Each structure stands twice: as C-alpha cells, then as structure tokens.
Amino acid sequence: FSQSTSTSMANECLASLGLSGPKIEETMRNKDLTERLVALVRCAKDKLGSKELSKVQGNLIYHTGTKLKKQAFAGHELIVNHIINGDLATEAQVTAACDFCLKQIGSGDLDAFKAACGIGVSITPEDIERAVEEVINKHKQELLAQRYAFGINKLLGEARSNLKWADGKQVKCEFEVQILHLLGPKTDADRTGAANASLVAKQPAARGKPAAVAAAANGNAEVFREETRSLADQMISGDAAKFHKPGENYLTDGYVMTPRTRFLLGRHLEQTGGKVFTRFPPEPNGILHIGHAKAINFNFGYARAHNGHCYLRYDDTNPEKEEEKFFVAIRDIVEWLGYTPYKVTYASDNFDQLYEWAESLIMRGKAYVCHQSPDQLKGHNPPPSPWRDRPAEESLQLFRAMRAGMYAEGEACLRMRLTMEDSKQDPVAYRIKYARHHRTGSKWCIYPTYDYTHCLCDSIENITHSLCTKEFQNRRSSYYWLCNALDLYCPVQWEYGRLNVCNTVMSKRKILNLVQKKAVADWDDPRLFTLTALRRRGVPPEAVNLFAAKVGVTMASAYIDPSLLDACTREILNTSAPRTMVVLDPLKVTIVEGLDAVKSAALTVPDYPASPERGSHSIASFSASSGVLYLEREDFRDGGKAGAGAGFKRLTEDQPVGLKHANVAIAVRQVVRNAAGQVSELRVACLPLDSLPAKPKCFVHWVADPVQVEVRLYEQLFTMKNPRSIPTAS
C-alpha cells in the first residue's frame, strides 16, 4: 500500500463497509482496489460525520470501488455524495454513474449525470409485475412446450433490460413467482431434462477452449462441432466484442488520460473517419509460422469485420538479421492467406521522426544516455544505472555523438526513464549498430528498439487497436507512457493468447538453428510449421484460415495438437480437390474366379464422392487388365478373422471386402508367398454384391492398370510434445 494507507487503516475502512474477515483478507490482496475503497470510505465519512455507513451504502461503495476505472476516479466524490443522500440506490445506478464519469471525464453537467443514472426515476412493484408479465407472454407458447428446459435465464435478462433501474432481486423474485404460476413446480421430467442439457453443454470442450481445440488436444481432431464459428463471427462477439470503439480509447482498463487526450482523440477521429485501423507488424528476420497465421487472421479479420483497414508494417529496426527474401516471403504469405494490406509500410519510413522525438524525450527529462554494457542490461533485474540523473543537455550532446559514430557498439545507449509492469526499469530506446540497413543504407548507426518504435509507429498510422500476444502485456505501460510523454495520440494495446503447436518449434531462433545444423533443408522444409513449409506440403490457405477459426480468438494461450490442422486440411480438400484412388504399398491381387462380374473396361468415378453432381472421371477396370489389380498391403491381414482381430473389417482369408465404385466384392481363394514367407500375391474370386448373404463390412480403394506416382509423406519432426523446452544448443 502507499505510505498514506497502513494495513490497520485499510482493515478499518473495509470493515466499515460491512465486509467479513475473509472478504477483507481477499480484498486486501488487490492493492489497487484497496486503495480505491479506502479513498471512497474516507470521502463517505467526510459526508456522514459521526454517522456509520448503512449496509446498503457499504455495498454500493464497494461496488463503486470495483467498477470505477482509474482514469475516471476524479468523479468518485460525485458518486459517493449521491450514494449517501440516497439518489443512487441500486448497483445498476452505481454502474451507470461509473460509466458516466468515464465517458464524460471532467463534465460538470449534473442534469446529464442524473439522467444517465436514473436518478428520480421511480419503479413501482406494479411496474415490475407488468414488465415481467409482458416478457413471459411474449414467449408463452415456447415456455408451455419446453417448460423449464427453455432458456429461463435469457427471459430474466430480457425482463431486467426492460427495467433498467429496478432492483434486480425484486425483478428476479417477481419473475420466479410468475413462472411458477404458469408452469407449476418442477417435475422429475423437468429435472432430468435440465441435467441432461447441462451434461451435453459441458461435454464438448475443456474449460476455456473451443470444442474443436479440446478434441484435437485429446487426439480426436476429426470430431468438430458443426457450429464452429467463422472467424468473422468471432471478430464481433466473444472476447473481441469487448474491444473499444474508435475514439473511445479512454474506456479501456489501464488507459492513461492527460489534459490533451480528448483533443488528440478528436483529431484522430477526423483523420480516420471513425474507422478501425489495425496492423500486422512482423520482423523481417525469418519466415512466418502457423502462430503468425492467427495474428494475420486476427488483425486483418478484425479490420475487415468492422469495415476498417489493416496495414502490413515491417518492423525493420534490426539490420543485422534482416534479409530481402524475408520481406518478399512475408507479403507473399499474407496475400496467399487471402488478405490485401491497406498499405505496406516500414518502421524505417519513420526513422527521422523517431530520432526527433528521441531528442524531445531527452529535453523533457524522460530519457538519458547510459554507458552500461549490454551484458549488464540483460535479465529482469539489471543494476540501476549510475547515469540515470544525468542532465538533459549532457544526454542530448552524447546522443548526438552516438548518431555521429563517436562510440563503439555497446559503449552507449539511450534509455527511457520509467518502470514497466514486470518491474524492469528504464528500457532501451536506441542502441548502436554499425550495420548497413536494407533501405536506408549507411545513413544510421543507431537504431530504435521495439519498445520505442512500436507504439510511435502505431500513433503515426492512427492505429485504433494494437493487437499483440500476451508476452507483450508487460510492455503496455511503456506503450502508453511513451505516447503520452511525447504528447501524441495513444492507441489501445489489446493482448490475446499465443498459439502454440505441439511436436514442433516455432521460434525463429530455433528454426534457424535447425537450418544451420542441416537438421532441416530450409525454412520451407515440409516438416516444419512455417507457412511456406505448410504451403509446400500441400496445405491450402483455406485450411490454415479454418485452423485459425477453430482455435478461436481467445485471451488464453493454447497448445494445439497438429492433428487439428490435418483435420482442417482434410475438411477443405474434401470439397476442393478431385478424389483419386492411390495405392502406396501395393499388394498384387489376381482375380481367378468371376472376372465376368465386371464387364466394363472402364468405370465412372465421382470427382467428389459427397457431391457426385460436381463431375466424374473414368478409371480402368480390372477386367481390362486381365483381372489384375492392386490393394493397399495393410488392407489385408493374414491368419483369417481370428488372426486379424475382432475390429478388423477389411480383407482376410475368410472375410470378403468390397471394392469402391466397382459394385463387387472379392474373397480370397489362395495366398501366394515368396521365399521369405511374406505374402506376395492374393488370388481371389470376384463376387457381385447381390450374391453375398450380407453386405461387406468395408469397401477399400484399389487400382488397376496403374501409373507410377511419387508421393511424399512427412511425419512429425519431433516425437516429444514440447521440444521448445530443449535448449537451442541441444
């Protein structure tokens, strides 16, 4: 707690709200909430004098502490005053008051405040009874048909929305009375139905995961929920639905308001026309992987769903590791996935402006030149800089000397004077690198870091939603701090869960290590999960996008089994790739009996078995090849049904099998073996299906008069689920 708030004082204030001992202990774990509640209680006591808070007042003040955002806390006295005098009597009114203070920061319009909070609005028991009755009558027929299996809670929510300022407990009580009057008490059938519905709802997915993801994690990637939402749907619902509207940045948690924020937001809206602007900002030092597919879909998809625009911005601030092939490959992959950037930009476009702002930051006393070595600055707890209090004029002179090439690499850097969420102090803004830049050549020998560049480029491009993965959450404070320190428009940073795939590595550093050690051929080795590798393997872009949709836009990180991508690929290829029959490990089969059961020399086979109307092609029948065809070796098991096992439904010496598209079955008459005792040929009888006592349990694919093909099969590169845990050197 702050020095002004001791533990005993906090205990006393929380107890005055009527909180129990365990609730006080739980609340005090949240220091920010405790500080707010102490301030609210002090304010209330100033109004009450010697009087004690009532239980209702205590509950409403606690509710205020949980709802009033930091940037709107200046309005706490207004809210407390109206709680004490009884104008704000329900949690709904207090919530509306907190929202008003957030949206109308600094507003002195008391009439607007009262209207927004329902002050003076009287809701009688008759009003509640009438509103509940209207909702129940609206759905009466469905209620009578489905009884308690109907979505009762939805109806209660509808009734409450029609009675915005009514006491929620009174509305619920009236609702329960009227439902009981209409349907009577619950019967055993009602209870059984409710239990079954609950079971069905909870089975498909593990907590916090879409059903398809949970299925893949359990090795059942073929089992998908048919109603898996499209990516566009996820952009306007779920976690993404909580995102702010353009211009309402200040409504988000943790957003920092300054006296100029309103003006800057207004100018931002004029420049953007109120549209959503996002960006996909890859570093051009490697090839994009499957995790980037989620980021691409999220950034471009969110902008598309809201009729906005998405930039492709190369974060080209590290010239040592950037190569032209990576720039080309990144844009190629973005377009392969079906997205067209609004504009293609580069962080280096802004190098001159970024440098000017760095000098401004120094003169404002918010940055300084430091001479600690890179090794000293590594880790989460580097030693404090002895140059932190260096005068601004001296730091400016040294920074210009850095630009002029008067220091060697590692001898000096520019650091910002702030503390981040993870307690790391003074992140580096500029460092010295004597490396030629692919666009600016040798103009610069100092280059800005991600922490310095990212938010400023977002501000320049008027980004509304800066979407990034969770590992950047601890940089959010520096993001807001830097924009405000330079008096610039400040976008909102939103974090989402990182996508991780089991049995592979996606770190650029670790993939580069594999390439350099020749464990893989290159970045597009089909066993990798880079997007160029997946494309080379034959995965269509629609399957990658479907995979991203099934994983979902979640705030929690996910570890996905690769079989989910395989299933997505099958789902797309089933409707986009014409089907053909291929035998990879051929076993020769000769028909020695009943060859005349198939008289045609060619058979017509649908291109898409599930949609035969989409076209067909002809294949050679085995009658044209003297009764010789080839089966997949694994489709036959030696030793009869007993030797094959109870679950085996394909061909054995005493179990026939059907042949796809031929309308016949084959039964083994003789097994031919080579000198080593291995099965080399089957001699079979060909039987019309209608001559069999029962339909075959299985139909297998086959080829006759075949052509030779090359088929490349790729297994997982790693056998262990989490190879990321292995040090790079290993």
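Strand β2 (residues 309–314) is joined to β3 by 3 bridges, and the two strands run parallel. Helices (H or I, at least four residues) and strands (E, at least two) are DSSP runs numbered from the N terminus, and two strands are taken to pair if DSSP finds at least two bridges between them. The model is a predicted one, in which local features need pLDDT of at least 70 and side-chain atom pairs count only at pLDDT 80 or more, while totals for chains, interfaces and linings use all residues. Residues are numbered from 1 along each chain as its sequence is written, and side-chain values use heavy atoms, with hydrogens and water left out.

The strands belong to an open sheet of 3 strands with the order β1-β2-β3 and parallel pairing. β1 (277–280) and β3 (344–346) are at the edges with a single partner strand each, so one side of each lacks a neighbour in the sheet. On average, neighbouring strands of this sheet are turned by 35 degrees against each other, direction ignored. Helix α16 (residues 290–305) packs on the sheet and touches β1 and β2, its direction making about 160 degrees with that of β1. Helix α17 (residues 324–336) lies across β1, β2 and β3 and runs at about 160 degrees to β2. Axes are lines fitted to C-alpha atoms, for helices over the stretch in contact, and angles run from 0 to 180 degrees between N-to-C directions; contact means heavy atoms within 4.5 Å.

A further open sheet is formed by 7 strands in the order β19-β16-β17-β18-β12-β15-β20, with mixed pairing. Its edge strands, β19 (699–700) and β20 (702–703), each pair on one side only. Strand β16 (residues 657–659) pairs with strand β17 (residues 664–673) in the antiparallel sense over 3 bridges. Gly658 stands opposite Ala665 in β17.

Two helix pairs were also examined. Helix α25 (residues 541–551) packs against helix α26 (residues 563–576) at an angle of about 125 degrees, and their axes are 8 Å apart. α25 and α26 are therefore oblique to each other (angles under 35 degrees count as roughly parallel, over 145 as roughly antiparallel, 65 to 115 as roughly perpendicular and the rest as oblique). The crossing of α25 past α26 is right-handed; a crossing is left-handed if the near helix is turned anticlockwise from the far one by less than a right angle, and right-handed if clockwise. From α25, Glu542, Ala543, Leu546, Phe547, Lys550 and Val551 meet Leu564, Leu565, Cys568, Thr569, Glu571 and Ile572 in α26. This contact of α25 with α26 has 8 nonpolar, 1 polar and 3 charged residues (Ala, Val, Leu, Ile, Met, Phe, Trp, Tyr, Cys and Pro count as nonpolar, Asp, Glu, Lys and Arg as charged, and the others, Gly among them, as polar).

Helix α1 (residues 7–16) and helix α3 (residues 31–48) pack at about 65 degrees, with their axes 9 Å apart. α1 passes α3 in a left-handed crossing. Met9, Ala10, Glu12, Cys13, Leu14 and Ser16 of α1 make the contact with Thr34, Leu37, Val38, Val41, Arg42 and Lys45 of α3.
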